[in-house]
Amino acid sequence: MKRLNRFIEKNISGKKVLGLFILTNVVYTFMLTVTIPKTMEFSNGMKLLDMMPTGYDLNYVNELFSLLGENGRLTYLYNQIPVDMIYPLLFGFSYCLLLGYFLKKLNKLNSPYSFLCLLPIVAGIADYLENIGIITMLKNYPKLKETTVYATTIFSVIKSISTSIFFIALIAVLIALGIKVLNRKTI
């Protein structure tokens, strides 16, 4: 944990955190507005596996991949997934540093709260493992293995849970920071 805190301390200048935050969200916006819609054009309204926070099963994957057809599966594999191989790294570092930045403002960076900075890193790692599973399934379709689907859905769920807990923690930290600032102004 000391190594993580040193990394955060070295990299939480306001400009660096803001720049990473903007870059991360530009990539995310690109996925939401370009690569995901482009892939979903083939899905007949079914959600892509990346967009299913509660997971999926073998039947869902088979139905989705069948609806996508060869062109949709290739679009998923060669348009959506490459961008989604950049995003988890950006998300992990950007949001780790963002939370570290606000914890530092609260004088809580060197406390047990710094463990919260690991949540976006866990989400990023789970996202990579999810992507590897999706790539494997796309390349092996129609010969899907239930174990691959099951492992990939577990990583999807871990990604969504760790991301949700992170954003709850971030909101709580921002509220605490807002209260601190307001209390300083009233004194």
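This is a predicted model: local features need pLDDT of at least 70, side-chain atom pairs count only at pLDDT 80 or more; totals for chains, interfaces and linings use all residues.
**View 1. Helix α2 packs against helix α4****.**
Here we follow residues 14-40 (α2) and residues 87-105 (α4), whose axes come within 9 Å and cross at roughly 140 degrees. The crossing of α2 past α4 is left-handed. On the α2 side, look for Gly14, Val17, Leu20, Phe21, Leu23, Thr24, Asn25, Val27, Tyr28 and Met31. Their partners in α4 are Tyr87, Leu90, Phe91, Ser94, Tyr95, Leu97, Leu98 and Tyr101. By type, this contact has 14 nonpolar residues, 4 polar and no charged.

**View 2. Helices α5 and α6 run roughly antiparallel****.**
The axes of α5 and α6 come within 8 Å. They cross at roughly 155 degrees, and since angles over 145 count as roughly antiparallel, the pair is therefore described that way. This crossing, too, is left-handed. Among the α5 residues in the contact are Leu119, Ala123, Asp127, Glu130 and Ile134, while α6 brings residues including Val149, Phe155, Lys159 and Phe166. The contact residues divide into 13 nonpolar, 7 polar and 3 charged.

**View 3. The largest pocket holds about 400 Å³ of space****.**
Two or more lining residues come from each of α2, α3 (58-84), α4, α5 (118-140) and α6 (146-186). Helix α2 gives the largest share, 5 residues. The lining as a whole comprises 13 nonpolar, 5 polar and 4 charged residues.

Key:
Residues are numbered from 1 along each chain as its sequence is written. Side-chain values use heavy atoms; hydrogens and water are left out. Axes are lines fitted to C-alpha atoms, for helices over the stretch in contact, and angles run from 0 to 180 degrees between N-to-C directions. Helices (H or I, at least four residues) and strands (E, at least two) are DSSP runs, numbered from the N terminus. A crossing is left-handed if the near helix is turned anticlockwise from the far one by less than a right angle, and right-handed if clockwise. Contact means heavy atoms within 4.5 Å. Ala, Val, Leu, Ile, Met, Phe, Trp, Tyr, Cys and Pro count as nonpolar, Asp, Glu, Lys and Arg as charged, and the others, Gly among them, as polar. On a 1 Å grid over the protein atoms alone, a cavity is a set of points where a 1.4 Å probe fits but cannot get out, and a pocket is an open set with protein on both sides within 12 Å along at least five of seven lines; lining residues have an atom within 4 Å of a point. Grid points are joined across faces, edges and corners, and a volume is the space filled by probe spheres set on the points. Angles under 35 degrees count as roughly parallel, over 145 as roughly antiparallel, 65 to 115 as roughly perpendicular and the rest as oblique.
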